[in-house]
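Me: Please walk me through this protein model. I would like to learn how to read its backbone, its domains and its cavities.

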Amino acid sequence: MTLEDSRVNGAPAGLTGDTADLLQQMIRNECVNDGTKASGHEFRNAQTLAAYLGDTGFDVARFEPAPGRESLVARIEGTDPSAPALCLMGHIDVVPVDPAGWTRDPFAGERVGDEIWGRGAVDMLNLTASMAVAFRQLALHGPRFAGDLVFFAAADEESGGEHGIRWLAKNEPDAIRADYVLTENGGLHNGAHVGVKVAEKGVAWHRLRVRGTAGHGARPWRADNALARAAQIIQRLTDYRPAPRLDDLWRLKVATLDVPDDLRAALLDPARLDDCLGTMPNKNLAAYLHACTHTTFSCNVVSGPMKTNVIPGTVDLDVDVRSLPGEDADEVRAHLVAALGDLLDDVDVDIFLHQPANASPTATPLWDSLQRAVNQRFPASRIGPELAVGLTDARIYRDLGAVAYGAGLFSPTLDPSDYARRFHGDDERIDLESLALSTRFWIDVVSDFLG
Ligand SMILES: [Zn+2]
């Protein structure tokens with residue numbers, strides 16, 4: 001099934017039509033997670049999905065650990081309790097928007113030509129919608145498999161999962177139990193390769209409380225201004241250049257890149273890598289490749305009791321630190337010491353979210369099923385393992401002992417850098433061909449793996 005097989009009078013129909021409809025509804029539900037407990041409102045998307053799955057005859061359980069923060073889990077029990085269970089997991093929250101950067105209403109869920117526009121169209125309501133459609137199709141018309149098939153629509157992924165997967169893992173582990181998990185985000189084409197995320201960088205979200213001395217804004221001479229000190233700290237972290245670290249996953253990634261041989265050689269040389277990334281014309285690709293090989297620091301929030309006529313005595317600076325596979329808390333601390341030097345003397349360091357990087361092996365039956373499912377649409381393509389540089393719920397399942405991959409299958413015309421730019425970015429949108437391919441892909445993988 002491609003889009004052309006399932007179009008009626010120019011509009012998507014059949015399973016692709018279901019995926020497009022669900023995606024549009026979920027965009028319009030505006031489940032925006034701004035990091036506060038009172039945001040998210042994922043009950044709206046859980047309700048939409050529950051209504052869609054209502055006629056399958058299978059149990060659809062909903063969990064609400066905090067008001068409005070609803071997750072949904074549906075399970076088709078297999079015939080053999082000892083057979084491995086497979087979970088399709090998608091999150092149902094989205095990040096906030098800055099409407100000024102959008103050329104369309106980010107929550108209208110419009111179809112414009114062959115694209116659906118709106119917040120969540122790529123991260124990741126597109127995949128969550130296609131998973132729900134695949135699950136329902138298999139529930140209604142599929143064979144009974146040996147192992148369980150689980151569909152898990154998770155709240156609060158965008159803020160670390162405290163009100164979603166982390167709550168369920170702690171309080172309802174049987175509900176989400178699975179041996180293998182597919183979630184965001186793979187399926188982009190790079191020449192003859194289709195990417196599958198097998199590992200994920202760690203997060204170490206720091207809050208630096210920068211100390212100064214409060215005073216009157218009318219007498220700033222020789223003042224001890226915490227905000228001015230925070231500005232120096234931001235500059236040092238922005239300028240910090242840690243050495244790159246190249247591992248096997250990096251070498252595999254570089255091998256699949258569609259680039260000239262001299263560039264490939266530079267990417268594999270720690271002495272030349274940074275210069276090479278610094279001059280690469282494709283800034284999005286360079287940023288991803290940089291994140292794959294470096295510990296990164298991004299100063300993203302400044303807060304505190306601030307007023308125009310008061311010299312601030314303390315300022316909190318949130319730094320989004322992403323650690324590499326194998327890098328522990330001491331090594332992250334060493335980076336901070338190297339970057340800030342003497343400025344650390346006036347800072348209290350708090351790490352408010354710390355999850356090390358983790359990975360799943362590729363020598364698994366699910367990896368082979370992914371390869372075969374890709375080959376059903378693209379016979380010459382090979383899947384290639386990649387590092388996810390962002391946070392996803394896959395890490396929680398890996399910590400529970402499951403094999404988890406970031407997968408999907410998109411249109412070959414979708415440029416990976418364009419796609420990446422739409423994540424948490426402006427004018428987020430997805431093409432219908434990608435929705436058709438992803439929907440069919442989940443059905444093919446599940447049938448191959450559980451069949
Ligand atoms: Zn996401």
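**Backbone, domains and cavities**

Reply: Start with M124, in the loop between β7 (115-117) and α3 (125-141). Helices (H or I, at least four residues) and strands (E, at least two) are DSSP runs, numbered from the N terminus. The model is predicted, so local features need pLDDT of at least 70, side-chain atom pairs count only at pLDDT 80 or more, and totals for chains, interfaces and linings use all residues. Residues are numbered from 1 along each chain as its sequence is written, and side-chain values use heavy atoms, with hydrogens and water left out.

Me: Which residue is joined to M124 by a cis peptide bond?

Reply: First the general idea. Most residues other than glycine have a negative phi, and most peptide bonds are trans. Here, D123 is joined to M124 by a cis bond, with omega about -25 degrees. Another cis bond runs from E184 to N185, with omega near 5 degrees. N185 sits in the loop between β9 and β10 (189-190).

Me: What is the phi of E30, and what is the phi of D156?

Reply: E30 has a positive phi, near 55 degrees, and is not a glycine. Its place is the loop between α1 (14-28) and α2 (43-53). For D156, phi is near 60 degrees, again positive in a residue other than glycine. D156 lies in the loop between β8 (149-154) and α4 (165-171).

Me: Is D156 buried or exposed?

Reply: Read the cut-offs: buried means under 20% relative accessible area, exposed over 50%, partly exposed in between (1.4 Å probe, protein chains only). D156 has 2%, so it is buried. E30 has 37%, so it counts as partly exposed.

Me: Which residues of helix α12 are buried?

Reply: In α12 (residues 365-377), they are L366, W367, S369, L370, Q371, A373 and V374. Their cover includes β5 (86-91), β9 (180-183), β11, β19, β20 (403-406) and α15 (432-450).

Me: How many residues of domain 1 are in contact with domain 2?

Reply: Bounds first: they come from an automatic or database domain assignment. Domain 1 is 3-199 + 358-450, and domain 2 is 201-355. Contact means heavy atoms within 4.5 Å. By that test, 19 residues of domain 1 touch 20 residues of domain 2. Of the area domain 1 buries against domain 2, L387, V389 and R395 supply 33%, more than any other three residues. Buried area is the accessible area (1.4 Å probe) that two parts lose on being put together, summed over both. The two domains bury about 1700 Å² between them, 56% of it on carbon and sulfur atoms.

Me: What lines the largest cavity?

Reply: Rolling a probe the size of a water molecule over the atoms shows where empty space is left. On a 1 Å grid over the protein atoms alone, a cavity is a set of points where a 1.4 Å probe fits but cannot get out; lining residues have an atom within 4 Å of a point. Grid points are joined across faces, edges and corners, and a volume is the space filled by probe spheres set on the points. Three cavities of 30 Å³ or more are counted. The largest holds about 70 Å³. Its lining is D247, L249, W250, K253, Y288, C292, P325, E386 and L387. The largest share, three residues, comes from α7.

Me: What is the volume of the second largest cavity?

Reply: About 50 Å³. Its lining includes L188, H193, K253 and E386. Domain 1 and domain 2 each give at least three residues to that lining.

Methods:
1 Å grid on protein atoms, 1.4 Å probe; cavity = no way out; pocket = protein on both sides within 12 Å on 5 of 7 lines; lining within 4 Å.
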